Amino acid sequence: MPARNPYEILLNDPVWGREIRTLVSLPECESSLPVVVGGAVRDLLLGRKIKDLDISVASPETARGLASSFAEVTNRRLVEYSHEQTIFRVTGADQPQVDFTDPVGGTREADLIRRDFTINAMALGLVGTEKGILIDPTGGQYDLKNKIIRATSPEVFDDDPLRLLRAFRFAAHLGFAIDPGTLQEIKIRAIKLRDVAGERIQLELCATLD
């Protein structure tokens with residue numbers, strides 16, 4: 001894993017460094033307390049290429065406002081849609097995609113803990129006293145170092161059974177091993193895949209083989 005702070009690595013990226021500098025220059029950014037969450041933090045720590053950015057902020061109103069300002073200054077479109085939570089996506093042709101969300105569960109830690117696997121349950125602070133701080137409530141850094149796919153809790157598979165397959169996708173793509181306890185929970189809950197739409201299963205299997 002890189003010895004440098006992941007925030008420095010992010011700023012030095014020719015694409016994402018520009019995006020972050022633009023974001024933190026916005027007047028409302030300081031009060032929004034934005035953090036980078038999920039896969040981008042994982043890939044930063046692994047030295048992998050970042051595909052897109054997920055930014056979590058303090059509240060739904062803050063997410064909408066910050067995303068709107070960011071879209072305006074970067075001349076991109078703002079698209080709102082609902083998945084597990086309300087997502088404000090800033091997108092444009094041949095331009096990076098940045099998603100803004102509010103924390104599920106009301107707090108940053110609750111939002112991270114409800115994510116699928118520990119390696120995806122980290123956040124990187126961007127402003128104020130959190131700038132450059134890695135927030136890791138579930139031990140994601142340990143599991144990255146030891147190449148382990150570990151569920152944040154057994155209940156995450158109940159929330160979305162497709163995660164039962166997603167564990168194997170991450171294991172295949174990263175060359176990691178699935179934690180024995182997590183693998184046991186997957187076996188116990190495998191029947192829940194019957195409740196998942198066939199199209200979603202197909203997409204997940206194709207992503208695993210890609």
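A residue counts as buried when its relative accessible area is under 20%. Aspartate 111 has a relative accessible area of 2%, and it is therefore classed as buried. The structure described here is a predicted model.

**Aspartate 111**

- Aspartate 111 belongs to helix α6, which covers residues 108-113.
- When residues up to four places away in sequence are not counted, aspartate 111 touches Ser56, Gln85, Asp102, Pro103 and Val104.

**The nonpolar core**

- The largest nonpolar core contains 51 residues. Leu10, Leu23, Val36, Phe100, Leu126 and Ile149 have the most contacts inside it.
- Helix α9, residues 163-174, provides the largest share of this core, namely 6 residues.
- Leucine 126 illustrates how parts of the chain meet. Apart from its neighbours within four places in sequence, leucine 126 is in contact with Tyr7, Leu10, Ile20, Leu23, Val24, Pro34, Val35, Val36, Ile55 and Lys131.

**Paired strands**

- Strand β3 (residues 77-82) and strand β4 (residues 86-91) run antiparallel and are joined by 6 bridges. Within this pairing, leucine 78 stands opposite valine 90 in β4.
- Strand β4 is also joined to strand β5 (residues 98-101) by 4 bridges, and these two strands likewise run antiparallel. Here valine 90 stands opposite valine 98 in β5.
- The hairpin of β4 and β5 has 6 residues between the strands, and aspartate 94 in this hairpin takes a positive phi near 60 degrees.
- In a regular strand, side chains alternate between the two faces of the sheet.

**Salt bridges**

- Side chains of opposite charge can pair when their charged atoms come close.
- A search of the whole structure finds 17 salt bridges.
- Aspartate 43 forms a salt bridge with arginine 42, with the closest N and O atoms 3.1 Å apart. Both of these residues are buried.
- Aspartate 43 also meets the side chain of arginine 48 in a salt bridge, at 3.3 Å from N to O. What is the relative accessible area of arginine 48? The value for arginine 48 is 38%, so this residue is partly exposed, a class that lies between the 20% and 50% limits. Aspartate 43, by contrast, has a value of 7% and is therefore buried.
- Glutamate 204 and arginine 169 form a salt bridge in which the closest N and O atoms are 2.4 Å apart. This pair links distant parts of the chain, since glutamate 204 lies in helix α11 (residues 198-209) and arginine 169 in helix α9, 35 residues apart. Both glutamate 204 and arginine 169 are buried.
- Asp158, Glu185, Arg189 and Lys192 are linked in a network of salt bridges.

**The largest pocket**

- The largest pocket holds about 1,400 Å³ of space. It is lined by 39 residues, and those closest to its centre are Asp52, Asp54, Arg166, Arg169 and Phe170.
- At least two lining residues come from each of α4 (39-46), β2 (53-56), β4, β5, α9 and α11.
- Which element gives the most to the lining of the largest pocket? Helix α9 does, with 6 residues.
- Two topics of this briefing meet at arginine 169. This residue forms the salt bridge with glutamate 204, and Arg169 is also among the residues closest to the centre of the largest pocket.

Definitions and conventions. Residues are numbered from 1 along each chain as its sequence is written. This is a predicted model: local features need pLDDT of at least 70, side-chain atom pairs count only at pLDDT 80 or more; totals for chains, interfaces and linings use all residues. Side-chain values use heavy atoms; hydrogens and water are left out. A nonpolar core is a set of buried Ala, Val, Leu, Ile, Met, Phe, Trp, Tyr and Cys residues joined through side-chain atoms within 4.5 Å. Buried means under 20% relative accessible area, exposed over 50%, partly exposed in between (1.4 Å probe, protein chains only). Contact means heavy atoms within 4.5 Å. Two strands pair if DSSP finds at least two bridges between them. A salt bridge is a side-chain nitrogen of Lys or Arg within 4 Å of a carboxyl oxygen of Asp or Glu. On a 1 Å grid over the protein atoms alone, a cavity is a set of points where a 1.4 Å probe fits but cannot get out, and a pocket is an open set with protein on both sides within 12 Å along at least five of seven lines; lining residues have an atom within 4 Å of a point. Grid points are joined across faces, edges and corners, and a volume is the space filled by probe spheres set on the points.
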